[in-house]
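I opened my notebook to look up a few side chains and where they sit. Here is what I wrote down as I went along.

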Amino acid sequence: MNIILIGFSTTGKSSLLKLKELRDKLSNDVQLIDSDSEISKDYDNHIYNLFIQNHNSNDPIHRNALLNTISSKEEMFIHSLKENKSPYIAALGPNIHIRSN
């Protein structure tokens, strides 16, 4: 069985995955996966660094390109979950698109 946590930013989804008590109760084969960490691997593993390093307030079109990049990475993340054969608990942000194929 897999569990997906979806919620607004800064509500504790990622923190829940880091809890020692949770890790101690799960078998070793259960993966704990944070979408923000996966999406922001090239940005010091923090989703906010992606925004900070790429945002230009003088160029709103660039902001749209940035959001499209994040959306594309989120879609790739969802596809990777679909292919994952191991049990997992995943934390996903509020903008994740789970209705598409």
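I started with Lys20, which counts as exposed because its relative accessibility is 56%. (Buried means under 20% relative accessible area, exposed over 50%, and partly exposed in between, with a 1.4 Å probe and protein chains only.)

Before going further, I noted that this is a predicted model, where local features need pLDDT of at least 70, side-chain atom pairs count only at pLDDT 80 or more, and totals for chains, interfaces and linings use all residues. Residues are numbered from 1 along each chain as its sequence is written, and side-chain values use heavy atoms, leaving out hydrogens and water.

Which residue does Lys20 meet in a salt bridge? I found Asp24, at 2.7 Å from N to O. (A salt bridge is a side-chain nitrogen of Lys or Arg within 4 Å of a carboxyl oxygen of Asp or Glu.) Both residues lie in helix H2, four residues apart, which is about one turn of the helix. (Helices are DSSP runs of H or I with at least four residues, strands are runs of E with at least two, and both are numbered from the N terminus.) Asp24 is exposed too, since its relative accessible area is 52%.

How many salt bridges does the rule give? I got two. Glu38 forms one with Lys41, with the closest N and O atoms 3.1 Å apart. Glu38 is partly exposed at 36%, while Lys41 is exposed at 52%.

Last, I looked up Leu67 in helix H5 (residues 60-83). Leu67 counts as partly exposed because its relative accessibility is 30%.
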